[in-house]
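Here is a quick tour for someone meeting this structure for the first time. Have a look at the sequence and the model, then read on.

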Amino acid sequence: MAEILYVPDLGSSDPVDVIELLVAEGDTVTVDQTIAVVESAKASVDIPSTMNGVVSKCLIKVGSSVKTGDPLIEINSSENAHKSETKKEDIPEQKEITVSVEDKSSKKVSIDNKKFSKDNVSEENASVIKSSEEVSAKPVEEKTVQQNPIQEKNKIEEPSAEISSSKDIHAGPAVRRLARELGVDLSQVKSSGDKERILKEDVHSYIKTALTSKPKTPDVQVAVSKISTDFPVIDFSKWGKISEQPFTKIQILSARNLTRNWQHIPHVTQFDEVDITELESFRKIENPKLEKQGVKLTVLSFLLKAVSKVMAEFPKFNASLASDGQTLILKSYCHLGFAVETPNGLVVPVIRDVDQKTVVQIAVDLSVLSKKARDKALKPDEMQGGCFTISSLGGLGGTAFTPIINWPEVAILGVSKMLDKPIWIEEEWQRRSVLPLSLSYDHRVIDGADAARFTTRLCELLADLKRWVL
């Protein structure tokens, strides 16, 4: 009567750690009640129950690693409990049936004093008829068998857990069924489960590899591992006292991705600067009015909106290079990421449909997602689907830097600290607020001329709000 609750789709196939288990065996749970909390490389995720019932068994423990599709707990659900209390008369009663086998020539079977011809006997009794035909003409024998129509039906319909052609392959019935539906030869699938057991994820991975293997993409993991082993091991303690500080999960993931992106994407960086004196004056006027609504306009809010407008004019910046290296995937949506510094490392939340939002709406999204990032409360889908990223160091300092592209995007904008500089305007030097910009782009997709046009147009919009804010 028990049902198993599985780890829901977390947006990634990477394993996550169980950091909290909020139920125990015998506890009563309800729909949407949080039963466990897992921690991915970038966020903590609450896993709710999808049914009402009583926990009969916990299949995980704090500290264990799980991934999408893994079993969490076993629940005696309220629905099943209700079924078990169904009136007795509603369930066919299990009873003893006396089978009398007559002479072979009569080919008839007597069950509970009712006559059934061989041609009319149901499939469930086929085995009984077969037995009657194999019995020679001997004195009548009586046999007692247990029959329950529900059990017999389930027995007939249940698929076989083993396939003779793949008996040496370790895989469960569900995995074998999936393989049959997709036309996959399990003997060709690499297993990742315990004791070489093939999992559903292995089948999906096999299909994905088969679809993208022409041309084959470089094995990033091997490349990263090779780089790390090229450096000799040094004993730093021979020169003085040392201590070790392990990377956080976010730092490990970031290091892996940055290495891959830097190795396989030909980066070029275009530098520019924009006069945002008018923008700063506008912000100072509007912010006191918006404080009552709990909204604060930042330079980043305007940058995100302006970038969305420029991307519409230069669609190559809102694209991704397909795995074949010969096709450009152009996107009709505009989701923009922004880098957020957290105690555990850098994360990139994504704001959806920036091109369809006002600067105020973008400012609200910035505030909400930044707080969730610092609290490690971002959901996986809140960090996916980005088309372009902005990395702002404006509050820290510096005049320029070369940001690394966040694959599968093809460009990233770096923003440095605003400076007060003298600019020659209308035959006089004027003190202006200048913002340095650094645009890194994938040179396979974007050439230098387009990059220069992009930053020039972006500077025009930011310098003159009348062009687009209203």
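## Helix H8

How many residues does H8 have, and how far does it reach from its first C-alpha to its last? H8 has 14 residues and reaches 20 Å, close to the 20 Å expected at 1.5 Å a residue (the expected span is 1.5 Å times one less than the number of residues). Helices (H or I, at least four residues) and strands (E, at least two) are DSSP runs, numbered from the N terminus.

Before going further: this is a predicted model, where local features need pLDDT of at least 70 and side-chain atom pairs count only at pLDDT 80 or more, while totals for chains, interfaces and linings use all residues. Residues are numbered from 1 along each chain as its sequence is written, and side-chain values use heavy atoms, with hydrogens and water left out.

Back to H8: its buried residues are Thr-277, Leu-279, Glu-280, Arg-283, Asn-287 and Leu-290. Buried means under 20% relative accessible area, exposed over 50%, and partly exposed in between, using a 1.4 Å probe and protein chains only. Strand E13 (267-275), H9, H10, E23 and H11 are among what covers those residues, where contact means heavy atoms within 4.5 Å.

## Two nonpolar cores

A nonpolar core is a set of buried Ala, Val, Leu, Ile, Met, Phe, Trp, Tyr and Cys residues joined through side-chain atoms within 4.5 Å. The largest one here has 54 residues, and Leu-303, Phe-388, Leu-413 and Phe-454 have the most contacts inside it. Elements giving two or more residues to this core include helix H8 (277-290), helix H10 (359-374) and strand E20 (388-392). H9 gives the most, with nine residues.

Leaving aside residues up to four places away in sequence, Phe-454 touches Val-307, Val-310, Met-311, Phe-314, Phe-317, Phe-388 and Leu-439. There is also a second, separate core of 20 residues, which includes Val-23, Val-38, Val-66 and Ile-73.

## A buried loop residue

Ile-405 sits in the loop between E20 and E21. Is Ile-405 buried or exposed? Ile-405 is buried, because its relative accessible area is 0%. Among the residues that Ile-405 touches are Asn-261, Ile-265, Val-410 and Tyr-441. Ile-405 and Trp-262 are 143 residues apart along the chain, yet their C-alpha atoms are separated by 7.8 Å.

## A four-stranded sheet

An open sheet runs in the order E5-E4-E2-E7, with antiparallel pairing (two strands pair if DSSP finds at least two bridges between them). Strands E5 (44-48) and E7 (65-66) stand at the edges with a single partner strand each, so one side of each has no neighbour in the sheet. Two bridges join E2 (residues 16-21) to E7, and Val-16 has Val-66 as its bridge partner in E7.
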